[in-house]
Amino acid sequence: MLENIINQIASYNPNADIGVVIKAYNYAESAHTSAQVRLSGERYFIHPYNVAIILADLHVDVATIAAGLLHDVVEDTGITYDDIKKEFGEEIANMVDGVTKLSKVKYRNKEERQAESLRKMIIAMSKDIRVVIIKLADRLHNIRTLQYMSPEKQKQKALETIEIYAPIANRLGIASIKWELEDLSLQYIDPEGYNDLSIRVTEKNEKRKEYIKKIIANIHEKLSEANVKADITGRPKSLYSIYKKMYFKNKSFEQIYDLIAVRIIVDDIKDCYGALGTVHTLWKPIPGRFKDYIAMPKPNMYQSLHTTVIGPDGEPFEIQIRTLEMHRTAEYGIAAHWKYKEGIDEQTNFDEKLNWLRQMLEWQQETNDPQEFMESLKIDLYVDEVFVFTPNGEVVNLPSNSTPVDFAYRVHSAIGNKCVGAKVNGRIVPLDTKLKTGNQIEILTSQSSIGPSKDWLKFVASSQAKSKIRKFFKDKDKDFNVEKGKEQIEREIKKQNLVPSDLMKEDWLKIVADKYNMFTVNNLYAAVGNGGMTDNQVVSRLKQIYLEKNKDKIELDKIDNLQKNPHKSIFDKPLAKAEKHESGVVIKGVDNIKIRFSKCCNPVPGDAIVGYITRGRGVSVHRADCTNIHDLNDSADQRFIEVEWDGGKQATFISELQIKALDRPRLLQDITSLYGEVKLNAVSLNLRITKEKIAILDIGFEINETKQIEDLIKKIKKLNGVLEVYRNKK
């Protein structure tokens with residue numbers, strides 16, 4: 001096995017120092033003992049070995065391959081970061097540590113998990129992008145062996161791969177990994193659609209082989225006459241890209257012509273344009289289907305000429321023309337331009353190629369809302385682009401549907417804030433005009449401008465513009481929001497029958513501010529004042545800090561007394577007057593006490609539950625599997641109390657489902673007819689469509705027991721295009 005890795009490295013880097021790879025191989029094999037096995041029954045070491053093979057296929061440096069072999073030893077064995085650093089040095093140890101940290105994150109809900117996974121990946125990329133390349137290789141091997149997981153886990157992992165890992169591979173320009181991640185994930189997201197498409201593509205490709213062979217022969221003949229040396233091949237289109245065109249653009253299989261693209265690889269840029277001219281003398285190009293990514297490369301460094309022509313039988317097909325160096329970049333992306341590789345010129349513009357990454361990191365630091373973060377980041381990752389020009393002729397790339405305002409903020413924040421008008425190709429246009437590739441843009445500014453308009457948020461397309469406009473208004477209204485937020489927190493504390501001065505200590509508020517990446521107490525107040533976070537979030541954290549700081553003062557007999565007499569809080573403040581509760585929950589040994597159901601997990605009859613004595617609001621009932629319960633500190637264990645459902649009560653509860661499905665006609669109608677069949681009453685419904693055409697529905701139902709909602713989940717899962725259904729704990 002080791003020989004396979006060494007041979008692969010030698011094929012692209014014969015002078016590499018493979019000693020560190022051999023050492024890492026032996027070290028990892030020893031650390032992952034034969035007792036460690038995967039779900040497939042294979043030795044666990046098979047996984048890091050395959051990750052190393054994938055990395056070698058990407059032609060990365062030996063340090064990255066060594067880190068790939070070692071990437072799980074800190075997480076899954078007794079070996080520490082310091083052990084790796086001592087044996088292999090700081091560079092490799094930091095990469096292993098980076099990959100480990102990406103795997104160890106815990107979140108309150110799925111939305112937060114995805115948002116923080118992406119946020120941590122971006123931070124890891126900004127420190128050493130090799131960490132994320134290792135993570136992509138790790139995910140690729142896991143997806144290749146996904147058949148050993150449960151069907152539910154298969155779909156979850158596949159969806160996460162499509163939404164997070166494939167777009168990052170695309171942004172890094174690693175096409176080979178992107179295509180495989182997408183095609184393998186599609187097998188589990190829509191197995192029937194994948195199998196049907198796979199059969200149809202195979203059948204059609206067999207018929208097209210002779211057709212493509214004839215086209216390649218024609219191009220070879222003409223290029224030889226023009227003395228242009230070229231390597232010409234036919235490349236099949238990935239199944240997922242065909243699937244997207246059929247599903248999201250409502251095209252039939254017969255309407256998709258570019259199932260195979262012809263790729264021409266030549267020696268230099270001059271020959272690229274020469275080959276393009278030759279192709280256009282053979283067949284007529286389709287207007288609007290020519291793209292010059294050589295003159296205007298994509299942000300992921302991709303360069304190529306793309307043209308679609310009408311072929312010999314009147315059937316359109318795509319031709320891509322590039323140099324060998326461009327081809328390596330297209331296949332291996334950022335790994336093909338490695339600044340850490342031996343012998344690479346230190347004056348390389350590699351760092352400039354990663355400007356998009358630094359910009360993305362900067363834009364996303366300005367939001368703490370997981371949903372806003374996910375949406376803005378998906379714009380950055382899934383972006384279709386337009387290329388426009390400054391008045392000086394410099395090229396600026398922007399997301400599709402961008403406007404002059406997006407352009408202004410891309411140039412500079414001050415230009416955006418002072419923008420009062422714009423010219424496109426010398427003519428004044430409205431600020432919400434959609435820009436097209438090739439437009440020349442000039443921004444008109446005024447020093448007397450009072451700043452951007454909130455209406456701009458309705459039409460700007462780039463994360464940068466949205467972020468800067470929001471920041472302007474947050475800064476402008478900050479003083480007002482600071483006072484408003486402070487008052488809201490004080491009011492919430494009093495509402496819980498507590499004393500503001502007991503909790504609102506400057507150093508405690510600073511701890512809460514740091515927890516939510518606010519960094520100053522005023523920023524924390526302002527965030528509450530402008531609705532960026534709730535007063536209850538802040539008060540909950542302050543109460544936790546109170547308990548931590550006063551651990552020694554809270555004697556066990558006081559806790560015991562609290563359980564016996566729930567009218568006293570840990571803060572020595574009286575609870576609000578107890579009321580007779582019609583909740584359908586019984587507290588063992590206690591009667592006539594306030595009960596409330598926790599909003600973080602929404603327990604309903606049939607769920608295993610646990611009671612938690614709160615400071616000021618009676619007993620809070622949680623689901624036994626609620627992550628907030630498990631996250632409580634040790635001192636809180638004394639405040640749990642036994643609770644159970646009252647079988648004699650028929651109370652009504654709200655339970656919320658989140659449904660993720662491929663957007664399609666009649667989806668909502670099909671779902672509503674299902675809950676009509678089971679006679680459930682929907683009390684709330686929220687539907688949003690993501691950039692990648694996935695519908696996310698949050699529906700709240702009135703129910704009497706969990707069986708009602710479980711039966712509905714089973715029915716919804718059987719619907720065509722449904723990816724995930726789960727009880728929302730929010």
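Four strands form an open sheet in the order β18-β19-β17-β20, with antiparallel pairing. Its edge strands are β18 and β20 (722-727), each of which pairs on one side only. From one strand to the next, the twist averages 15°. Strands β17 (residues 653-662) and β20 run antiparallel and are joined by 5 bridges. K660 has E724 in β20 as its bridge partner. Two strands count as paired if DSSP finds at least two bridges between them. Helices (H or I, at least four residues) and strands (E, at least two) are DSSP runs, numbered from the N terminus.

This is a predicted model, in which local features need pLDDT of at least 70 and side-chain atom pairs count only at pLDDT 80 or more, while totals for chains, interfaces and linings use all residues. Residues are numbered from 1 along each chain as its sequence is written, and side-chain values use heavy atoms, with hydrogens and water left out.

**Nonpolar patch.** L668, L685, L687 and I689 form a nonpolar surface patch with about 310 Å² of accessible area together. Accessible areas come from the Shrake-Rupley method with a 1.4 Å probe, and for residues only the protein chains shown count as cover. Patch residues have over 30% relative accessible area and no salt bridge; like charges are joined within 9 Å, nonpolar side chains (Val, Leu, Ile, Met, Phe, Trp, Tyr) within 5 Å. Strand β18 (residues 681-689) gives the largest share of the patch, 3 residues. L668 lies in helix α29 (residues 667-677). L668 is partly exposed, at 34% relative accessibility. Here buried means under 20% relative accessible area, exposed over 50%, and partly exposed in between (1.4 Å probe, protein chains only).

**Helix α9.** Helix α9 (residues 130-144) has 15 residues. From first C-alpha to last it reaches 21 Å, close to the 21 Å expected at 1.5 Å a residue. That expected span is 1.5 Å times one less than the number of residues. Of the 15 residues of α9, 13 are buried, so the helix is largely enclosed by the rest of the structure.

**Salt bridges.** The structure holds 14 salt bridges. Each is a side-chain nitrogen of Lys or Arg within 4 Å of a carboxyl oxygen of Asp or Glu.

| Pair | Closest N and O atoms |
|---|---|
| R130 and E91 | 2.9 Å |
| K135 and D138 | 3.5 Å |
| R666 and D670 | 3.8 Å |

R130 lies in helix α9 and E91 in helix α7 (residues 90-103), so their pair ties together parts that are 39 residues apart in sequence. R130 is buried at 2% relative accessible area, whereas E91 is partly exposed at 42%. D61, E91 and R130 are linked in a network of salt bridges.

K135 and D138 sit 3 residues apart in helix α9, about one helical turn. Both are buried. An α-helix has 3.6 residues a turn, so residues three or four places apart point the same way.

**Positive phi.** Most residues other than glycine have a negative phi. H59 has a positive phi of about 65°. It lies in the loop between α3 (46-57) and α4 (62-70). N227 also has a positive phi, near 60°. N227 lies in the loop between α12 (191-225) and β1 (230-236). H59 is buried, with a relative accessible area of 14%; N227 is exposed, at 70% relative accessibility.

Note on methods:
Axes are lines fitted to C-alpha atoms, for helices over the stretch in contact, and angles run from 0 to 180 degrees between N-to-C directions.
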